[in-house]
Amino acid sequence: MVSREVEAIFARVLDHVRTLDPAHARRWFEDLHVLRLDGGSLGIGCPDQAQLEYLQDQCKEAFIRAVQQVTGHMVVVEFQLTSPGAVGATGQSVATLGPRLHPDYTFDNFVVGPSNRLAHASCVAISQSLGATYNPLFLYGSSGLGKTHLLHAVCHQVRRAAGGAVIELLTCEDFVNRFIRAIEEGNQAWFQSQFRGADLLVIDDIQFLSDREHSQEEFFHTFNALYNNGKQIILSADSPPTEIPALEARLVSRFNWGLVARIDPPSFETRVAILQKKADLRGVDITDEVAEYVARHVQANIRELEGALTTIYALAMTERQSISLALAQRAMEGQIKLASRNITITDIIAVVTRHFNVRLADLQSKRRSQSITEPRQICMYLARALTRHSLEEIGGHLGGRDHTTVMHACTKITGAREADPKMKALLDELTKQITQAMQS
Ligand code: ADP
Ligand code: MG
């Protein structure tokens, strides 16, 4: 058992985490318990594997900073899996049981509306009897409409139902990369056996198979092996099978064998309900008025809806205020202006050159030192994110570079943004400065 004092410190740490990283803080953090605080290490127990992985992947930095703020010391933070209810139990090391699932992406947290009813119902049906209803299930829709969420929800459900079903969940890119690596290492047989032993194979964003002949061939055989054994296959893509470019006809036809379900952009009512659900997940209260205001202004993409919520929540946290309509409006001003006024590459270059203390001529030059390359790539990334310019046009502004260079820069900075919280903070800050410059 830990002392009251340690419990109190832990409560303050959780408070700090909420302020430091509102985007990742969740209501269920209340269920975490402190296992120990000694010798420069804080042990935190968590009863759920998906939550544990989420904490390790997304929240470690915020916890370390929070403990430092509360105790004044650098402390190592360790998350451990504890059996449910066993508060204070010594944590076991983490056995990785199947694929990594996002703890938010469950059926409980999915709001059903006319735009996604069929997709949702088919996922629920499948999770109740693998291989027996729709096989394969093919979900498609634009980015940010909940495909990945539904795929994870099926896996959560199947895992929870126990029975030891073998689940393979991966993105198509993972599939392709693992396949390529297996070939390089001469491990092809092992690669095949891995997927062909699955009871449920879920591949997200299958459109990445386009133009990958060898991977398509391999996937074709995997598909057949599983299908013929009555195993369940679920696929998602940004377009229906027939519209995925350069996809072999035999795959297109197989993808159409089962059920093809489309997800449409959500209606206003669904957007409001999703916002309420997301706020609740984060342990935040928002009024209907605020939810409706946001839902009216952000329409196409649910990821952006969530982003708006994060922006509002972050402002409320920094100003230590509750979330009123006025605060929401203020928080979203930048984002809404962004949509209605056009940011130019010149705006972006002005902010980036100022921040890095480099000259436009440097960015346009052939110089390839890190101190020039990074700001140049960041300019390209931001131009892609904040303007409607084509890759060629962006390259043109930055010394006549071709579109593949710009694309490479965007991929690289996107990767860095995901891997490195500092890069994410930097990009957020630059974006803020650019939008603020627009308003002044
Ligand atoms: P996609 O894979 O289609 O690009 P995601 O599944 O990644 O989209 O969804 C983007 C975000 O929107 C996720 O945070 C997800 O939880 C959320 N989301 C999408 N649809 C819903 C819904 N119907 N209810 C709740 N959250 C949703
Ligand atoms: Mg997705």
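Colleague: In which helix does V252 lie?
Modeller: This is a predicted model. In it, the helix that holds V252 covers residues 249-255, and that helix is α8.

Colleague: Is V252 buried or exposed?
Modeller: The relative accessible area of V252 is 13%. Buried means under 20%. V252 therefore counts as buried.

Colleague: Which residues does V252 touch, not counting those up to four places away in sequence?
Modeller: The contacts of V252 are taken without residues up to four places away in sequence. That leaves P241, T242 and L247.

Colleague: What separation do the C-alpha atoms of V252 and N116 have?
Modeller: Along the chain, V252 and N116 are 136 residues apart. Their C-alpha atoms are separated by 23 Å.

Colleague: Where is the place of N116?
Modeller: Strand β3 covers 76-81 and helix α3 covers 117-128. N116 is in the loop between β3 and α3.

Colleague: Is N116 buried or exposed?
Modeller: N116 has a relative accessible area of 4%. The cut-off for buried is under 20%, so N116 is buried.

Colleague: Which backbone oxygen does the side chain of N116 reach?
Modeller: N116 touches F110, V111 and I263, not counting residues up to four places away in sequence. The side chain of N116 comes to 3.1 Å from a backbone oxygen, that of V111.

Colleague: Are α9 and α10 parallel or oblique to each other?
Modeller: Helix α9 (residues 268-281) packs with helix α10 (residues 288-297) at about 125°, and their axes are 9 Å apart. Angles over 145 count as roughly antiparallel and 65 to 115 as roughly perpendicular. The two helices, α9 and α10, are therefore oblique.

Colleague: What crossing does α9 make as it passes α10, and which residues of α10 make the contact?
Modeller: The crossing of α9 past α10 is right-handed. From α9, the contact uses F268, R271, V272, L275 and Q276. From α10 it uses D288, A291, E292, V294, A295 and R296.

Colleague: Which element gives the most to the largest nonpolar core?
Modeller: The largest nonpolar core has 28 residues. The elements that give two or more residues to this core are α13 (345-356), α15 (370-386), α16 (391-397), α17 (403-419) and α18 (421-439). With eight residues, the element that gives the most is α15.

Colleague: Which residues have the most contacts inside the largest nonpolar core, and what does I348 touch?
Modeller: Those with the most contacts inside this core are I348, I378 and L382. Not counting residues up to four places away in sequence, I348 touches I343, C379, L382, A383, L386, T387 and I434.

Methods:
Residues are numbered from 1 along each chain as its sequence is written. Chains are lettered from A and ligands numbered from 1 in the order in which they are written. This is a predicted model: local features need pLDDT of at least 70, side-chain atom pairs count only at pLDDT 80 or more; totals for chains, interfaces and linings use all residues. Side-chain values use heavy atoms; hydrogens and water are left out. A nonpolar core is a set of buried Ala, Val, Leu, Ile, Met, Phe, Trp, Tyr and Cys residues joined through side-chain atoms within 4.5 Å. Buried means under 20% relative accessible area, exposed over 50%, partly exposed in between (1.4 Å probe, protein chains only). Helices (H or I, at least four residues) and strands (E, at least two) are DSSP runs, numbered from the N terminus. Contact means heavy atoms within 4.5 Å. A polar contact is a pair of N or O atoms within 3.5 Å; within protein, one must be able to donate a hydrogen and the other to accept it, and residues adjacent in sequence count only if both atoms are side-chain atoms. Axes are lines fitted to C-alpha atoms, for helices over the stretch in contact, and angles run from 0 to 180 degrees between N-to-C directions. Angles under 35 degrees count as roughly parallel, over 145 as roughly antiparallel, 65 to 115 as roughly perpendicular and the rest as oblique. A crossing is left-handed if the near helix is turned anticlockwise from the far one by less than a right angle, and right-handed if clockwise.
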